[in-house]
Amino acid sequence: MTKTPGEAKNPDVTKTPDVWLPFPADEVEGLPEGLNYRFWDGEPDYPADPADCAFYVVPYMKGSEVAVRPLGGMAGVQVVQTLSAGIDHVEPALGLLPAGVRLCNAKGVHEASTAELALTLILSSLRGVPGFVHGQDEEEWRSGFYPALADKSVLIVGYGSIGAAIEDRLAPFECARVARVARSARTAARGPVHTLDDLPVLLPEADVVVLSTPLNPSTQGLVDAEFLAAMQDGALLVNVARGGVVDTEALLLELQSGRLRAALDVTDPEPLPAGHPLWHAPNVLITPHVGGSTSAFEPRAKRLLAGQLRRFAAGEPVRNVVRTIG
């Protein structure tokens, strides 16, 4: 027999489970009936008692403090759904959740946008676009020869769905080689995937190193002085992952020496405060964590939520489960 959502935790199966959404329910096509939708996008006041929430969709890009604020009161929550690929912003409060809660990420939502930005950062940095923009401001014609992506060797560190999407978009650019690194070795559709242990061999061969790995204990500070020293002179580091993956001080030393270049959508600290030396370091391009915040986000996010909630309402397994509390 199909279970009613909440049946396993609450014997009162007639109670309609609350779902907290960061979109008004009438703006999300395909939501199932039989659930009580509450709109909450991080406002100071809650839309209802958090204890009645069974399915919590974390507000997008509102920061960790907002994301975790109601979790301590969600004694009956069964699913926590982020709208980001990473879960690091909710991890500090996971110990407050009851056993059995499923934590889901937004796999399928951000791949296209983040991969687009990764290519934008690579091409802009190699072809000198920031300098052209400054030249336009100064009415200077800054012609010359600049590196091409063609014939370059690219290393993708973090070969999940976003890393694969980045490689898909690299395919037309005639790269000499694309190497892949993930937590576990395997064979992907486009070739072998190496482990982090192989980085000392792979890094010296890469002209461009793209970071698309999640932030977790194994990747915190992964790009340290030793990692950067292994990169070849003139190589470009592109970070569309999380700022904490990179040791900022170590990167600053390499940038200031002129040996490496960087293009960063994420930084540590973030937002990058005024006066921070990274703003004016040589050979760096910085974008303000906009990898996923594009016009592609909302329709994909809403489709994800509608599908997840249809499965939840039917008592079927939800997708994208990255952790179960217990």
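Is C175 buried or exposed? With a relative accessibility of 19%, C175 counts as buried, because the cut-off for that class is under 20%. This report describes a predicted model, and its values are computed from that model.

C104 accordingly takes part in no disulfide, and the cysteine sulfur nearest to that of C104 belongs to C53, 13 Å away. For comparison, a disulfide requires two cysteine sulfur atoms within 2.5 Å.

Strand β3 covers residues 53-57, and five of the five are buried, so the strand is largely enclosed by the rest of the structure.

Two strands pair with β3. Strand β1, made of residues 18-21, runs parallel to β3, and three bridges join them. In this pairing, V19 is found opposite F55 of β3. Strand β4, residues 79-81, also pairs with β3 in the parallel sense, again over three bridges. Here V57 stands opposite Q81 of β4.

## Helix α4

Which residues of helix α4 are buried? The helix spans residues 161-170, and its buried residues are I162, G163, A165, I166, E167 and L170. The spacing of such positions can be read against a general rule: an α-helix has 3.6 residues a turn, so residues three or four places apart point the same way.

Several elements contribute to the cover over the buried residues of α4, including helix α2 (111-126). Strands β6 (153-157), β7 (177-181) and β10 (208-211) are also among the elements that cover them.

## Residue E254 in helix α7

Helix α7 runs over residues 248-257 and contains E254. The relative accessibility of E254 is 14%, so this residue counts as buried.

What does E254 touch, once its neighbours within four places in sequence are left aside? The residues in contact with E254 are then L228, A229, R259 and L260.

How many cavities of 30 Å³ or more does a search of the whole structure find? The search finds one. The largest cavity holds about 50 Å³ of space.

The lining of the largest cavity consists of N239, G243, V246, T248, L251, L264, V266, T267, D268 and L278. Sorted by class, five of the lining residues are nonpolar, four are polar and one is charged.

Technical notes. Residues numbered from 1 in each chain as written. Predicted model: local features only at pLDDT ≥ 70, side-chain atom pairs only at ≥ 80, totals over all residues. Heavy atoms only, no water. Buried < 20%, exposed > 50% of the residue type's maximum accessible area, 1.4 Å probe, protein only. Helix = DSSP H or I, 4+ residues; strand = E, 2+ residues; numbered from the N terminus. Pairing = 2+ DSSP bridges. Contact = heavy atoms within 4.5 Å. 1 Å grid on protein atoms, 1.4 Å probe; cavity = no way out; pocket = protein on both sides within 12 Å on 5 of 7 lines; lining within 4 Å. Points joined across faces, edges and corners; volume = space filled by probe spheres on them. Nonpolar A, V, L, I, M, F, W, Y, C, P; charged D, E, K, R; others polar.
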